[in-house]
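Student: I have a model open and would like to go through its architecture. Can we take it piece by piece?
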Amino acid sequence: MKIKDIQDEIVGEFDIFETWMDKYEYLIELGKSVPVIDEINKTDDNIIKGCQSKVWLHAEQDEGVIRFYADSDAIITKGIVSLLIRTFSNQKPEDIINASLDFIDKIGLRQHLSPNRANGLNNMIKKIKFYAIAFSKSN
Amino acid sequence: MNVLKNIDSIRKDFPILNTSINGNKLIYLDNAATSQTPNCVINSISDYYKNLNSNIHRGVHSLSQMATEKYEDTRKKFKSHFNAKSSSEIIFTSGTTHSINLVSSGFSKFLNIDDEIIVSQLEHHSNIVPWQMLCEKTGAKMKVIPMNNIGELDLNEFSKMLSAKTKVVFVNHVSNALGTVNDIEEIIRLSHSVGAAVLIDGAQAVPHFNVDVTKLDVDFYVCSAHKFCGPTGVGILYGKEEWLNKLPPYQGGGEMIDEVSFEKTTYSELPNKFEAGTPNIAGVIASGIALDYINNIGLGNIKDYEDHLLNYATEKLLEIEGLKIYGESKDKTSVISFNIKNIHPYDIGSLIDNLGIAVRTGHHCAQPIMDFFNIPGTIRVSFCFYNTTGEIDTLVDALKKASTMLS
């Protein structure tokens with residue numbers, strides 16, 4: 001599935017929810033079910049700065065696509081991270097580099113993130129793109 | 001008196017309390033970070049720019065003289081409030097952080113590699129980092145007064161740390177993260193017995209009870225106006241005149257000089273020596289109005305009512321399954337730091353924000369305290385005299401809901 005289609009799918013899923021509490025409830029469910037990172041990859045180098053909660057992000061290249069693994073000590077953050085992973089994991093580096101991310105605004109996530117928290121989110125996206133650039137150069 | 005009789009009319013003084021957040025009426029419980037601003041303070045700022053705006057201390061024209069008078073009258077207000085010996089012992093700064101930096105940087109003149117300085121484990125980063133910078137500059141060593149499990153400082157250990165090498169001790173009056181009221185009388189007495197100077201960070205104390213610097217015999221006492229219903233960007237530094245005379249100026253510029261030539265500049269007398277440049281005139285005057293406002297309600301009444309809120313909230317919060325309070329000193333201000341089960345404070349904070357409840361989550365700029373308890377942070381609720389027990393009930397319901405969702 002293409003990055004754009006995955007994003008549309010996520011927006012569709014969030015459209016069903018009427019209240020913010022329902023959306024959060026869904027994020028929490030996602031947070032509980034995210035496939036997490038191996039403990040060995042929860043290194044200080046993989047910590048994303050700027051988040052109030054701890055976020056680890058690890059990436060591996062496999063048959064031309066990048067697979068992302070992540071974890072957070074806060075469950076809502078983990079839910080958000082899981083959406084990012086669903087969007088970007090198993091995609092080619094150049095598609096990740098060129099992708100414009102719009103689902104976060106469309107589901108209204110960004111307006112519910114304080115600048116502190118939005119900063120953490122921006123850093124997560126930056127790190128994902130950074131991995132894609134690094135892998136595309138190594139190919 | 002446990003309840004402020006005129007709570008309804010007090011709440012009407014604060015326009016922001018009518019704000020809606022995400023469709024819910026704002027419940028503001030982050031007063032230790034900043035308190036809200038009453039109409040009289042907001043109007044004072046606006047009146048200043050409408051009727052008084054001019055630069056102080058230098059104009060011969062009437063506006064400048066009127067503004068200077070208001071500014072200097074405000075200094076007198078703080079002088080009497082803190083019972084300082086003279087108005088020149090009151091310096092206006094941009095905040096507690098600025099005040100601490102002003103003092104700590106000045107101490108580089110007095111310290112050398114053999115000296116020691118003492119901080120407490122309970123400090124805000126702003127009362128740690130400037131002094132660490134001082135240590136880097138001078139080679140002096142920093143020692144830390146430890147705390148116990150309920151968040152009280154161990155003064156027995158402190159007395160053992162003191163020696164002729166100790167030059168300055170800097171401790172908060174009240175911990176911003178836990179609300180502990182420290183026994184600063186004893187800390188000052190012990191420090192003076194070895195000839196060390198003492199700076200007390202009173203940012204979290206001044207909004208809640210009276211402080212008498214002469215009775216305390218403290219060398220420096222600092223606070224911020226925005227914690228006691230004043231505007232942001234104004235700090236008050238009290239310093240004993242003998243100390244302020246000894247300390248070098250922090251910033252050079254206009255206002256702080258006596259005579260300037262390219263060969264040599266002489267500095268002006270106190271307090272101008274430490275107030276280089278055009279100060280935050282509107283903010284300082286408005287801070288004086290904020291001081292009048294809290295004094296009109298009465299700090300005694302404020303303390304009684306906030307104690308009532310603290311006790312009510314502590315009892316209600318402890319009914320929540322798995323809730324643990326950090327900081328259980330017998331003497332506390334109206335601050336409660338807690339976690340629920342193993343839930344990350346950020347998750348709880350995010351959910352209850354959607355219900356319009358403003359709390360602080362995280363390490364509260366006091367990472368050493370979080371390290372002590374081995375936790376990433378806490379949820380902190382902090383009450384002001386305009387909060388109500390009804391708001392606490394709503395908080396407790398919201399926390400129960402959040403806890404169920406996150407468990």
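Student: What does the domain assignment of chain B give?
Tutor: Domain 1 covers 7-30 + 298-406 and domain 2 covers 42-295 of chain B; such bounds come from an automatic or database domain assignment. This is a predicted model: local features need pLDDT of at least 70, side-chain atom pairs count only at pLDDT 80 or more, and totals for chains, interfaces and linings use all residues. Residues are numbered from 1 along each chain as its sequence is written, while chains are lettered from A and ligands numbered from 1 in the order in which they are written.

Student: How many Å separate the centres of domain 1 and domain 2 of chain B?
Tutor: The separation is 28 Å, taken over C-alpha atoms.

Student: And how many residues are in contact there?
Tutor: In chain B, 21 residues of domain 1 are in contact with 24 residues of domain 2. Contact requires C-beta atoms, placed from the backbone, to lie within 7 Å.

Student: Which elements give two or more residues to the domain 1 side?
Tutor: They are α11, β14 and α13 (367-373) of chain B, and α11(B) has the largest share with four residues. Helices (H or I, at least four residues) and strands (E, at least two) are DSSP runs, numbered from the N terminus. By class, that side of domain 1 of chain B has nine nonpolar, six polar and six charged residues. Ala, Val, Leu, Ile, Met, Phe, Trp, Tyr, Cys and Pro count as nonpolar, Asp, Glu, Lys and Arg as charged, and the others, Gly among them, as polar.

Student: Where does α11(B) lie?
Tutor: Helix α11 (residues 299-317) of chain B lies across β13, β14 and β17 of chain B, at about 10 degrees to β14(B). Axes are lines fitted to C-alpha atoms, for helices over the stretch in contact, with angles from 0 to 180 degrees between N-to-C directions.

Student: What order do the strands of that sheet have?
Tutor: The order is β13-β14-β17-β16 (chain B) in an open sheet of four strands with antiparallel pairing. Pairing needs at least two DSSP bridges between two strands. Neighbouring strands are turned by 30 degrees against each other on average, direction ignored.

Student: How many bridges join β14 to β17 in chain B?
Tutor: Four bridges join β14 (residues 335-340) to β17 (residues 378-382) of chain B. One bridge pair is F338(B) with I379(B) in β17(B).

Student: Switching to helices: at what angle do α2 and α10 of chain B pack?
Tutor: Helix α2 (residues 39-52) and helix α10 (residues 281-297) of chain B pack at about 150 degrees, with axes 9 Å apart. That makes α2(B) roughly antiparallel to α10(B); angles under 35 degrees count as roughly parallel, over 145 as roughly antiparallel, 65 to 115 as roughly perpendicular and the rest as oblique.

Student: Which classes of residue are in that contact of α2(B) with α10(B)?
Tutor: It has eleven nonpolar, one polar and no charged residues. Among those meeting are I45(B) and Y48(B) of α2(B), and I285(B) and I289(B) of α10(B).

Student: How many residues of chain A are in contact with chain B?
Tutor: Twelve residues of chain A are in contact with twelve of chain B. On the chain A side, α2 (20-33) and α3 (75-88) each supply at least two residues, and α2(A) gives the most, five.

Student: How do α2(A) and α3(A) cross?
Tutor: Their axes come within 7 Å and cross at roughly 80 degrees, which makes α2(A) roughly perpendicular to α3(A).

Note on methods
Two residues are in contact if their C-beta atoms, placed from the backbone, lie within 7 Å.
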